[in-house]
Amino acid sequence: MKPWLSKVRKATYNTSLMYNLRMLIAFAGTAFVPYFLDYQLATIPLTLGVVAAGLSDIDDRFSVRIMNLVYTYIGFFVAATSVQLLFPYPIAFALGLIVACIFWILLGSLGRRYATISYGCLVVSVYSMLGVHLFSEWYVQPVLLVCGAAWYGLIATISFLLFPIRPVQDKLAACYSSLGDFLFAKSSVFDVDMTPNSYQQSLIDLSLENGKLVGIFNDLKTALLTRLKGDRGQKDTRRSLQYYFVAQDIHERADSAHINYQELSKIFQHSDILFRFQRILSIQGKACKDLSESILKRESYKHNKRFKHAFENLKQSLEKLRQDQVYDQMWVNALFALYQNLKGIDAQLRNLETERNIALDKNKQLEQQLKDDDLKGWKDIKIRIKQNLTPESVLFRHAIRLSTVLVIGYIFVQMTGIQYGYWILLTALFVSQPNFNATKRRLRLRIVGTLVGIIIGLAILYFVPSLEGQLLLLVISGVLFFELRSKQYAQATAFITILALINFNLDGFGFSAGLPRMIDTLIGCALAWFGVSFIWPDWKFRRLPRTIRRALQAQCNYLIDVVQQYHEGRNHGLSYRIARRNAHNTDADVASLISTLATEPDFDPLQKNLAFEFLCLNHTFLSYIAALGAHRQKIEDKEVLQLLDQALDDIQGALLRDEMPDLTAHNMLQTIRTRLKQSSEEDQSALLILQQLSLMYSILKQLSTLKQSLSHDRDDAATELASL
């Protein structure tokens with residue numbers, strides 16, 4: 001009996017399996033309960049209610065989850081009822097569609113919870129248009145849609161009560177998996193065969209991986225914060241919190257740059273030293289991947305024994321470099337600092353499972369706090385809404401754009417009387433995204449997925465004529481849609497199309513709906529493309545100058561906190577972690593924006609090259625600060641502290657006020673170079689600080705110049721606004 005129980009328990013560790021089981025039960029209920037009640041038409045709104053609820057599902061602690069469900073059901077009922085009551089009045093319906101679309105999208109400015117619920121309400125609105133003719137009484141479809149959503153909510157709540165910490169652990173596993181990808185990307189910059197182009201591409205890849213990791217960190221922080229608010233001393237929650245802090249520390253160390261890697265690869269091109277660093281970073285990336293698997297399987301992480309031997313060999317190679325004195329000691333000192341940083345990552349991974357690390361020390365309570373970004377009251381609500389009531393807001397532009405597209409689609413349907421025309425609105429809603437790049441990508445995938453889904457769906461209706469067989473395939477299609485929707489959008493679209501065709505066949509129109517569905521999809525995609533290309537397109541509201549300024553300000557704030565801790569001593573409190581997180585968040589924003597702008601149709605090639613150059617330098621500068629942060633501790637050397645303070649003033653002047661300092665006026669660089677020639681063992685902390693300052697100064701002018709060039713973009717938002 002015990003082996004059987006052990007297998008069942010391990011099966012519950014498979015998050016994907018448990019999620020698919022949840023969706024299987026949900027769709028089976030909406031498909032077969034009406035079948036046994038001989039009310040098969042109810043399957044259509046019940047199934048669509050499950051789909052909308054699944055798209056609106058958000059992770060939260062139990063009490064807030066119940067509130068979210070109540071808000072969701074109220075929103076679904078109001079949205080569906082509004083459609084039912086206004087549908088006979090086209091002018092009122094069109095006006096209501098505009099107001100509702102803008103309202104629901106701007107409601108998302110209040111936070112992740114409201115954005116998710118609002119999107120679900122928009123989906124329900126269009127679903128209601130598709131089924132407005134199904135029932136004679138106005139209230140039947142809204143009630144059935146809410147019942148379908150409530151059925152899914154019940155199953156999701158039971159799943160949450162059985163596995164309350166599961167979503168946090170899944171996000172934690174994703175965090176360490178992404179951290180492993182980041183370490184693999186970092187190892188590529190130690191390639192001695194790099195060309196200038198491949199080096200820049202390595203930095204771009206590293207910056208993009210950093211952006212992905214930072215996004216996962218933010219999701220994990222939100223999940224942890226909501227658990228901690230309702231925490232009653234659960235060990236799993238506290239353990240996950242400790243893992244989160246360890247991941248952040250590893251990230252800071254891994255993102256550190258102690259030297260110019262391109263010059264390093266030239267100097268040590270014929271030495272084995274860079275291969276050793278590259279190998280250790282690679283196996284540390286593998287260790288993070290292994291840790292991710294351990295978290296998913298609820299197993300203890302076992303640290304790889306190869307690390308000890310690898311670090312011993314690396315240290316011997318470094319000692320030999322120092323003894324031979326063939327290379328400049330400045331480079332050797334930087335390599336020793338990098339070695340210590342990698343040892344720090346190793347120590348974090350090695351000690352992660354010890355009770356000493358997992359237990360919370362009362363003296364470190366302040367270091368275990370997380371910043372709460374939730375709404376604090378009506379004042380916060382008004383501030384967030386007001387911030388987005390301007391064309392400069394991406395959310396506001398998306399609201400206006402999407403509402404205009406939906407109304408154009410509605411007018412087209414009214415004027416042409418096209419069969420199943422409301423699929424046009426549904427397609428436009430699903431495809432339209434806040435930025436051009438994401439919308440363009442979805443257009444192609446949506447068309448391909450719909451075409452494949454129609455072909456397979458019609459084949460199913462032909463070869464599986466029995467109602468029972470079709471209901472079974474409806475359930476399978478629904479499960480596969482949710483399994484693939486965040487992984488393979490085209491395949492997910494194919495399965496939701498199959499579900500839709502089977503649903504329509506319940507109303508007797510399955511075969512006749514195939515061709516109209518394809519035509520409506522093409523029209524909806526065309527409308528979405530028109531909207532994102534011509535209705536306040538992103539490139540007419542260049543956010544690059546503002547995003548660059550925010551990123552450089554955040555980096556300066558991060559450097560201020562680091563410098564302060566060299567004066568006062570190491571402190572891992574909330575203030576420091578907020579400054580560090582903001583610096584990485586804005587760096588990720590720069591990477592995301594530049595990669596998106598590069599795909600826009602009228603982005604100047606020269607500006608594109610400058611933007612990617614800035615992306616590389618910006619992340620490099622952040623890495624130099626991160627290296628200072630990773631080694632921060634109180635020092636007593638007054639001269640070095642003065643140099644730190646002077647460097648902070650110079651950097652803020654150059655990056656924030658466009659005042660490039662005259663470094664010869666206060667002999668800053670000469671002092672740094674003189675001190676760097678020293679190599680006394682007792683002064684390694686001071687040497688590391690001076691080395692990082694030297695690296696920062698080496699790219700400061702170029703970074704400031706690029707910032708000024710990109711800030712004078714010819715498509716400046718103010719100019720465009722004036723011309724509208």
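**Note on the predicted model**

1. Aspartate 38 is exposed, with a relative accessible area of 71%, where exposed stands for over 50%, buried for under 20% and partly exposed for the range in between (1.4 Å probe, protein chains only). This is a predicted model, in which local features need pLDDT of at least 70 and side-chain atom pairs count only at pLDDT 80 or more, while totals for chains, interfaces and linings use all residues. Residues are numbered from 1 along each chain as its sequence is written, and side-chain values use heavy atoms, with hydrogens and water left out.

2. Aspartate 38 lies in the loop between helix H2 (15-36) and H3, helices being DSSP runs of H or I with at least four residues, numbered from the N terminus. Although aspartate 38 is not a glycine, its phi is positive, at about 55°. Aspartate 658 also has a positive phi of about 55° without being a glycine; its place is the loop between helix H26 (638-656) and helix H27 (668-676), and it is partly exposed, with a relative accessible area of 37%.

3. Helix H18 (residues 422-431) is mostly covered, with 10 of its 10 residues buried; among them are Tyr422, Trp423, Phe430 and Val431. The unreviewed UniProt entry places a "transmembrane region" at residues 419-436, among other ranges that include 93-110, and such annotations may be inferred rather than shown by experiment. Over residues 419-436 the chain is 61% helix and 0% strand, with the end C-alpha atoms 29 Å apart, whereas over residues 93-110 it is 83% helix and 0% strand, with the end C-alpha atoms 26 Å apart.

4. The structure holds 6 cavities of 30 Å³ or more, a cavity being a set of points on a 1 Å grid over the protein atoms alone where a 1.4 Å probe fits but cannot get out, with lining residues having an atom within 4 Å of a point. The largest cavity has a volume of about 180 Å³, a volume being the space filled by probe spheres set on the points. Of the 18 residues that line this largest cavity, Leu48, Leu130, Trp423, Ala500 and Phe504 are the closest to its centre. Helix H3 (43-55), helix H6 (112-130), H18 and helix H21 (489-506) each give two or more residues to the lining, and H21 gives the most, with 5 residues.

5. Tyrosine 71, found in helix H4, is partly exposed, with a relative accessible area of 36%.

How values were computed: On a 1 Å grid over the protein atoms alone, a cavity is a set of points where a 1.4 Å probe fits but cannot get out, and a pocket is an open set with protein on both sides within 12 Å along at least five of seven lines; lining residues have an atom within 4 Å of a point.
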